[in-house]
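Q: I have a new protein open and want to get my bearings. Can we walk through it together?
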Amino acid sequence: MAAWRHPGFVRGALGYFGHMWELYTLWALVPLLLTTMARLNGLSLSATQLALHSFMVIAVGGPGCVVGGWLSRTRGSLWVARLGLAGSVILTLLFVGAMQLEAGYGLLLGLLALWSLMAVIDSPQFSALAAGGTPVELQASALALMNAIGFSLSLVSIALLTPLIAAQGSLLLLSILPGPLLGLLALTRRVVILPLLTGHRPGSPNDDATPAYYLHERGLDGHDRATQRLRHQPATPVRQPAGWRDGGGRPWPAGGGGSARRATL
């Protein structure tokens, strides 16, 4: 629970929770949405067609995550996470609007696939954000807790929303919208709820106007590493693998030992 005192972890975790409210509920609804889309256009999908179209809509997330990872190398995980959440908000509204207007099946299928892509493109980035805002000695337990809460939220979302949408129609897809909206809010620099969770006040000496959660630097072994931005805190002994650099760009000793300020965000 100590990780919740670190605003960088809290932002990443809250963004992830909003993402998890949306993603698996959307994928659980794909066969139902495809059937509804076909019915609106006077079509009937065979079991094979339904399975293939469902697979296509969900599988687009694979290359989507690859693209998101590639973008994170140049634009950063925070930028990709915001892109995915903002895209999810926009595609939710576009898809619901197109369903209400009874648009053609091809257009609806394209919008649904694009929505699925935007819903998952940021998925790997939340762990990077949360880890980058957490002291190294807390990262494993913090990420385990974050994932447990996130998948629990997915179970709640699926259990609550899928029967509601199946019974009341596609307009109730808007009930998915609070997830990415609140996740996007959490990834802004100043969030009102953060002082309640962390005791951190925006504008305090530890608050930085730079929106990056971590920096990428090239280690001595030639590989890019995610190194945490150092803040003004008491010195704490830490150990890092050989080839890492500290926040000032100085190489760590070959044995990985050393002393530095605790890396927090």
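Q: What kind of model is this?
A: This is a predicted model.

Q: OK. How many helices and strands does the protein have?
A: The secondary structure comes to nine helices and four strands.

Q: In what pattern do they follow along the sequence?
A: Reading along the sequence gives α-α-α-α-α-α-α-α-α-β-β-β-β.

Q: What percentage of the residues count as buried?
A: The protein has 265 residues, and 46% of them count as buried.

Q: And the accessible surface, what does it come to?
A: It comes to about 12500 Å². Carbon and sulfur atoms account for 67% of that surface.

Q: Let's go inside. Which residues touch the most other members of the largest nonpolar core?
A: Met37, Phe95, Leu112, Trp115 and Leu173 do. That core has 30 residues.

Q: Which elements give two or more residues to this core?
A: Those are α1 (residues 7-40), α4, α5 and α7 (residues 139-168).

Q: Which one gives the largest share?
A: Helix α1 does, with ten residues.

Q: Back to Met37. What is Met37 in contact with?
A: Leaving aside neighbours within four places in sequence, Met37 is in contact with Phe95, Met99, Tyr105, Leu108, Leu109 and Leu112.

Q: What does the second core include?
A: The second core is separate and has 17 residues. Among them are Ala3, Val10, Phe17 and Ala130.

Q: New topic: helix packing. How do the axes of α3 and α4 cross?
A: Helix α3 covers residues 61-75 and helix α4 covers residues 77-100. Their axes come within 7 Å and cross at roughly 130°.

Q: Why are they called oblique?
A: Angles from 65 to 115 degrees count as roughly perpendicular, and those over 145 as roughly antiparallel. The crossing is roughly 130°, so α3 and α4 are oblique to each other.

Q: Which residues meet there?
A: From α3 come Gly68, Leu71, Ser72 and Arg75. They meet Ser77, Trp79, Val80 and Leu83 in α4.

Q: How many of each class are in that contact?
A: The contact of α3 with α4 has four nonpolar, three polar and one charged residues.

Q: Staying in α4, is Ser88 buried or exposed?
A: Ser88 sits in helix α4. Its relative accessible area is 1%, so Ser88 is buried.

Q: What does Ser88 touch?
A: Not counting residues up to four places away in sequence, Ser88 touches Glu22, Trp115, Met118, Ala119 and Pro180.

Q: Now Gly18. Where is Gly18, and is it buried or exposed?
A: Gly18 is in helix α1. Gly18 is buried, because its relative accessible area is 7% and buried means under 20%.

Q: Which residues does Gly18 touch?
A: Gly18 touches Gly179, Pro180 and Gly183, again not counting residues up to four places away in sequence. Pro180 is also touched by Ser88.

Q: How are Gly18 and Ser154 placed?
A: They are 136 residues apart along the chain. Their C-alpha atoms are separated by 9.6 Å.

Q: What about Leu160, buried or exposed?
A: Leu160 lies in helix α7. Its relative accessible area is 52%, so Leu160 is exposed. The cut-off for exposed is over 50%.

Q: How are Leu160 and Thr25 separated?
A: Along the chain, Leu160 and Thr25 are 135 residues apart. Their C-alpha atoms are separated by 9.5 Å.

Q: Let's look at loops. Where does Thr188 lie?
A: Thr188 lies in the loop between α8 (residues 178-186) and α9 (residues 194-198). Thr188 counts as partly exposed, at 30% relative accessibility.

Q: What does Thr188 touch?
A: Thr188 touches Arg11 and Arg82, not counting residues up to four places away in sequence. The C-alpha atoms of Thr188 and Gly15 are separated by 9.8 Å. Those two residues are 173 residues apart along the chain.

Q: Last one. What phi does Glu102 have?
A: Glu102 has a positive phi of about 55°, although it is not a glycine.

Q: And where is the place of Glu102?
A: Glu102 is in the loop between α4 and α5, with α5 covering residues 105-120. Glu102 is partly exposed, with a relative accessible area of 49%.

Notes. Residues are numbered from 1 along each chain as its sequence is written. This is a predicted model: local features need pLDDT of at least 70, side-chain atom pairs count only at pLDDT 80 or more; totals for chains, interfaces and linings use all residues. Side-chain values use heavy atoms; hydrogens and water are left out. Axes are lines fitted to C-alpha atoms, for helices over the stretch in contact, and angles run from 0 to 180 degrees between N-to-C directions. Angles under 35 degrees count as roughly parallel, over 145 as roughly antiparallel, 65 to 115 as roughly perpendicular and the rest as oblique. Contact means heavy atoms within 4.5 Å. Ala, Val, Leu, Ile, Met, Phe, Trp, Tyr, Cys and Pro count as nonpolar, Asp, Glu, Lys and Arg as charged, and the others, Gly among them, as polar. Buried means under 20% relative accessible area, exposed over 50%, partly exposed in between (1.4 Å probe, protein chains only). A nonpolar core is a set of buried Ala, Val, Leu, Ile, Met, Phe, Trp, Tyr and Cys residues joined through side-chain atoms within 4.5 Å. Accessible areas come from the Shrake-Rupley method with a 1.4 Å probe; for residues, only the protein chains shown count as cover.
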